[in-house]
Amino acid sequence: MPSLRSRALSVALVVAGRRRRFATAEAVRERVAAAARRPASHLPPRRLGRVADISRTFVGAWPVYDVSPRGAEPSAQVLYVHGGGYVGELERPHWELVRALVTRARARVVVPAYILAPRGTADRTVPVATDLLSGLIAGGGDGGTVLIGDSAGAGLALAAAQRLRDRDGEQPSRIVLVSPWLDVTMSHPDQAAIEEADPLLARPGLLEAGRLYAGTLAPEDPLVSPLRGSFAGLAPLTVFSGTRDVVSTDSRELVRRARAEGAEVEFHEAAGMPHAYPLLPVPEGRAARDRIVELVRSAADL
């Protein structure tokens, strides 16, 4: 049974109309057009600068933020890839997770503000993310490297890990996927029933966002939909998913296929929780963040 606070938040999300952002293909296209006219800010909140040292560089056209604990040597490092359906920018909940990783896990967190769809398509975005991950692993020193992604960012993160494995045989210490969106075809037969209870996401808008991200590639291409790729030889995986999330089918399929291919998988499925619940200010979200912090700390000891 979900907590009273989480149930209240789900109701608030419905009342606020958050699901309208993905209710239709037209809604997604309008959102993309509005962002083209007036791009949203991806800047970190000022309060993060009180507890962390923040710098920004550019990798090609990508602004990349480097966030480290103030006055302390990082014990591990994280590449964090944010969600937003490939069409949404970094938002406060993403930065709150970064804050927890910096202050509680004493991690250096590298946060790319990658180019969004339709300009940023999988064939352009995944190679850059792969190079970022490879560079972080190579320069990691004694601390481990953890790859974390939420929602669409988890799809991009997993595709980058698969590409890096195929290219160099390299892997981070661990891969953490939060409510991962891994198959943009939205073709799983169970999604129709789950969608009715989802307070945040709907299939028509996700299909359109996935189409924009796919660009000239087929939506089934593993570069776009890494659920359709191979899981052999990947780093240990930790996956978080809620049952009121239309893309929770991706998490279950990932766990089944990855274990069948010999990958190590730790799976947390929270009953009654919505999409990306580990980023939410609810007891279940705090418990999930506690586990993520533990995993990053563990990577530092490897």
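Predicted model: local features only at pLDDT ≥ 70, side-chain atom pairs only at ≥ 80, totals over all residues.
**Helices on a mixed sheet**

Two packed helices are described by the angle between their axes and the distance between the axes. For α4 and α5, the angle is about 70 degrees and the axes are 8 Å apart. The pair is therefore roughly perpendicular, and the crossing is right-handed. On the α4 side, the contact is made by Thr125, Val126, Pro127, Ala129, Thr130, Asp131, Leu133, Ser134 and Ile137. Helix α5 contributes Leu156, Ala159, Ala160, Ala161, Arg163, Leu164, Arg167 and Asp168. Sorted by class, this contact holds 10 nonpolar, 3 polar and 4 charged residues.

Now to the sheet itself. It is open and built from 8 strands, which follow the order β1-β2-β4-β3-β5-β6-β7-β8 with mixed pairing. At its edges stand β1 (52–59) and β8 (265–274); each has a single partner strand, so one side of each is left without a neighbour in the sheet. From one strand to the next, the twist averages 20 degrees.

Two strand pairs show what the word "mixed" covers here. Strands β3 (residues 76–81) and β4 (residues 107–112) run parallel and are joined by 4 bridges, with alanine 76 standing opposite alanine 107 of β4. Strands β1 and β2, in contrast, pair in the antiparallel sense over 8 bridges. Here phenylalanine 58 has proline 63 in β2 as its bridge partner. The hairpin of β1 and β2 has 2 residues between the strands, and glycine 60 takes a positive phi near 65 degrees there.

Several details of the backbone are found in loops. The peptide bond joining alanine 117 and proline 118 is cis, with omega at about 10 degrees; proline 118 belongs to the loop between β4 and α4. The loop between β6 and α6 (191–195) holds serine 179, a residue other than glycine whose phi is positive, near 45 degrees. Methionine 186 is also placed in the loop between β6 and α6, and its phi is positive as well, at about 50 degrees, although it is not a glycine. Are these two residues buried or exposed? Serine 179 is buried, with a relative accessible area of 1%, and methionine 186 counts as buried at 7% relative accessibility.

Notes:
Residues numbered from 1 in each chain as written. Heavy atoms only, no water. Pairing = 2+ DSSP bridges. Axes fitted to C-alpha atoms, helices over the stretch in contact; angles between N-to-C directions. Parallel < 35°, antiparallel > 145°, perpendicular 65-115°, else oblique. Left-handed = near helix turned anticlockwise from the far one by under 90°. Contact = heavy atoms within 4.5 Å. Nonpolar A, V, L, I, M, F, W, Y, C, P; charged D, E, K, R; others polar. Buried < 20%, exposed > 50% of the residue type's maximum accessible area, 1.4 Å probe, protein only.
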